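The plan is to jot down what I look up, entry by entry.

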Amino acid sequence: MKDPIAKSIGYRLNHTARLQRALSARLLADLGLFPGQESVLKMLVEQDGRTMGELATALRVRPPTASKTIARLTTQGLVERRATDGDGRLVRVFLTGTGRERGLAVDGIWEALETEIVDGLDNKERKRLRKLLRKVEKNLAARLGADHGADDEPEGAEDDEEA
């Protein structure tokens with residue numbers, strides 16, 4: 001007999017997220033990256049020279065967590081920190097040439113991951129799944145009293161895009 005908890009939506013959501021993270025980690029390893037590092041590289045590809053505070057806010061993590069990630073990326077030669085205008089207190093993070101290449105390669109990883117995730121779903125099912133997940137996100141964010149992870153996509157945007 002199957003465990004009744006396995007039929008719960010919370011269990012399915014958690015298990016699915018864990019599998020997605022595991023596959024993501026495997027694909028990112030091909031680029032020499034760990035999960036979380038790709039988001040920093042993509043942010044810097046979009047706007048190089050962000051401050052540590054800007055990165056922490058955009059990543060929705062505490063500054064020490066962002067600092068550790070940047071330290072690891074610096075050790076890998078993917079980013080560098082620079083003091084701004086002689087003010088040693090304000091540090092900006094910039095991509096190196098190798099960091100920019102890896103940041104641009106992340107798109108391919110994300111596309112491959114998305115393809116694997118939705119394999120076997122038609123466009124209508126994909127659109128419905130996105131809509132349902134946004135509702136779950138909003139419920140959880142409301143319960144937390146903040147927009148923790150709430151989708152920034154405007155309501156109804158899935159109706160305008162091709163899945």
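**Ground rules.** I call a residue buried under 20% relative accessible area, exposed over 50%, and partly exposed in between (1.4 Å probe, protein chains only). This is a predicted model, where local features need pLDDT of at least 70 and side-chain atom pairs count only at pLDDT 80 or more, while totals for chains, interfaces and linings use all residues. Residues are numbered from 1 along each chain as its sequence is written, and side-chain values use heavy atoms, with hydrogens and water left out.

**Overall layout.** I went through the secondary structure and got 6 helices and 3 strands. Helices (H or I, at least four residues) and strands (E, at least two) are DSSP runs, numbered from the N terminus. Along the sequence I read α-α-β-α-α-β-β-α-α. The chain has 163 residues, and 26% of them count as buried.

**Helix α1.** I looked at α1 next: it has 21 residues and reaches 30 Å from its first C-alpha to its last, close to the 30 Å expected at 1.5 Å a residue. That expected span is 1.5 Å times one less than the number of residues. Which residues of α1 are buried? I found Ser24, Leu27 and Leu28. Seen down the axis of α1, the buried residues fall within an arc of 90°, so they line one face of the helix. (The arc is that of the directions from the helix axis to the C-beta atoms.) An α-helix has 3.6 residues a turn, so residues three or four places apart point the same way. On the other side of α1, I noted Arg18, Leu19 and Arg26 as exposed. The cover over the buried residues of α1 includes α2 and α5.

**Helix α5.** This one also got a look: α5 has 21 residues and reaches 31 Å from first C-alpha to last, close to the expected 30 Å. Its buried residues include Gly99, Gly103 and Val106.

**The core.** A nonpolar core is a set of buried Ala, Val, Leu, Ile, Met, Phe, Trp, Tyr and Cys residues joined through side-chain atoms within 4.5 Å. The largest one here has 19 residues, and Leu33, Leu41 and Leu44 are among those with the most contacts inside it. The largest share, 4 residues, comes from α2. I followed up Leu44: leaving aside neighbours within four places in sequence, its contacts (heavy atoms within 4.5 Å) include Leu55, Val79, Val93 and Arg100.

**Salt bridges.** How many salt bridges are there? I count 4, taking a side-chain nitrogen of Lys or Arg within 4 Å of a carboxyl oxygen of Asp or Glu. In one, the side chains of Asp107 and Lys42 meet at 2.8 Å, N to O. Asp107 lies in helix α5 and Lys42 in helix α2, so the pair ties together parts 65 residues apart in sequence. Lys42 is buried, at 10% relative accessible area, while Asp107 is partly exposed at 30%. Another pairs Arg100 with Asp48, the closest N and O atoms being 3.2 Å apart. There, Arg100 sits in helix α5 and Asp48 in the loop between α2 and β1, 52 residues apart. I also logged Arg82 with Glu80, at 2.6 Å, N to O.

Most residues other than glycine have a negative phi. Arg60, though, has a phi near 60°, a positive value. I place Arg60 in the loop between α3 and α4, partly exposed at 44% relative accessibility.
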